[in-house]
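Hi everyone, thanks for making time.

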Amino acid sequence: MPKRKARVSAEECVACGCCVKVCPKGAITVPRGISAKIDSELCVGCGKCAKECPASVITLEVAQA
């Protein structure tokens with residue numbers, strides 16, 4: 001199974017922080033309260049953030065090699 005990584009649509013993110021609270025690896029931050037940022041090195045592609053996002057702007061994509 002290919003590895004997945006979370007991706008956030010920065011233009012649509014409402015910076016609520018719900019994703020930050022559920023990320024088990026601490027891969028998500030919301031710098032300056034503008035938009036969520038995902039550290040692809042820490043992201044394990046579990047999908048918890050995507051399920052929790054009330055704006056539905058986080059997706060899981062196949063990681064680039």
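So, the chain has two helices and four strands, where helices (H or I, at least four residues) and strands (E, at least two) are DSSP runs numbered from the N terminus. Going along the sequence, you get β-α-β-β-α-β.

Quick word on where this comes from: it's a predicted model, local features need pLDDT of at least 70, side-chain atom pairs count only at pLDDT 80 or more, and totals for chains, interfaces and linings use all residues. Residues are numbered from 1 along each chain as its sequence is written, and side-chain values use heavy atoms, with hydrogens and water left out.

Now, overall shape. A compact globule of 65 residues would have a radius of gyration near 11 Å, and the chain agrees, at 11 Å. That's taken over C-alpha atoms, and the globule rule is 2.2 Å times the number of residues to the power 0.38. Along the principal axes, the C-alpha atoms fill a box of roughly 35 × 20 × 20 Å.

What about the inside? Buried residues are 28% of the 65; buried means under 20% relative accessible area, with a 1.4 Å probe and protein chains only.

Let's zoom in on Ile-58. Leaving out residues up to four places away in sequence, Ile-58 touches, among others, Ala-6, Val-8, Cys-19 and Cys-53, with contact meaning heavy atoms within 4.5 Å.

Key:
Buried means under 20% relative accessible area, exposed over 50%, partly exposed in between (1.4 Å probe, protein chains only).
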